[in-house]
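Please look at the sequence and the structure below before reading on.

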Amino acid sequence: RDALEKADWTTAERIAHTARGLAGNIGADALAAQAGQIEELLAVRQPTELQPLLDRFGASLQDLVNGLS
């Protein structure tokens, strides 16, 4: 979100790519899929469709963190 606020699409896309890979590596497949969708939208610069995905990703990530705690 910080990168998007600064219109730094490259960094935002790299962060989404990294999140997808990390989630996949730990078996969080749904989270990896969400990060992949975000990455795809960032690649084609579709900001209007990002917010719902970012919200869902954030909630899923929080669920994962809570589960690991």
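The largest nonpolar core has 15 residues, and those with the most contacts inside it are Ala 23, Leu 31, Ile 38, Leu 42, Leu 50 and Phe 57. A nonpolar core here is a set of buried Ala, Val, Leu, Ile, Met, Phe, Trp, Tyr and Cys residues joined through side-chain atoms within 4.5 Å. Two or more residues of this core come from each of helix H2 (9-25), helix H3 (29-43) and helix H4 (50-68). H3 gives the most, with six residues. Helices (H or I, at least four residues) are DSSP runs numbered from the N terminus.

The model is predicted: local features need pLDDT of at least 70, side-chain atom pairs count only at pLDDT 80 or more, and totals for chains, interfaces and linings use all residues. Residues are numbered from 1 along each chain as its sequence is written, and side-chain values use heavy atoms, with hydrogens and water left out.

One of the core residues named above is Leu 31. Leaving aside its neighbours within four places in sequence, Leu 31 is in contact (heavy atoms within 4.5 Å) with Ala 23, Phe 57, Ser 60, Leu 61 and Leu 64.

Gln 34, Gln 37 and Glu 39 lie in helix H3. The table lists their relative accessible area, where buried means under 20%, exposed over 50% and partly exposed in between (1.4 Å probe, protein chains only).

| Residue | Relative accessible area | Class |
|---|---|---|
| Gln 34 | 12% | buried |
| Gln 37 | 39% | partly exposed |
| Glu 39 | 13% | buried |

The contacts that follow do not count residues up to four places away in sequence. Gln 34 touches Arg 56, Phe 57 and Ser 60. Gln 37 touches Leu 53 and Arg 56. Glu 39 touches Glu 13, Ala 16, His 17 and Arg 20.

The side chains of Glu 39 and His 17 are also joined by a polar contact of 2.9 Å. A polar contact is a pair of N or O atoms within 3.5 Å; within protein, one must be able to donate a hydrogen and the other to accept it, and residues adjacent in sequence count only if both atoms are side-chain atoms. From His 17 to Gln 37 the separation is 20 residues in sequence and 9.8 Å in space, C-alpha to C-alpha.

**The largest pocket**

The largest pocket has a volume of about 240 Å³. Of the 14 residues that line this pocket, the closest to its centre are Arg 1, Ile 15, Ala 16, Ile 38 and Leu 54. Helix H1 (2-5), H2, H3 and H4 each give two or more residues to the lining, and the largest share, four residues, comes from H2.

On a 1 Å grid over the protein atoms alone, a pocket is an open set of points where a 1.4 Å probe fits, with protein on both sides within 12 Å along at least five of seven lines; lining residues have an atom within 4 Å of a point. Grid points are joined across faces, edges and corners, and the volume is the space filled by probe spheres set on the points.

**Two loop residues**

Ala 7 is in the loop between H1 and H2, and with 51% relative accessibility Ala 7 counts as exposed. Its phi is near 60°, a positive value in a residue other than glycine. Arg 45 lies in the loop between H3 and H4 and is partly exposed, at 37%. Phi of Arg 45 is near 55°, which is also positive in a residue other than glycine.
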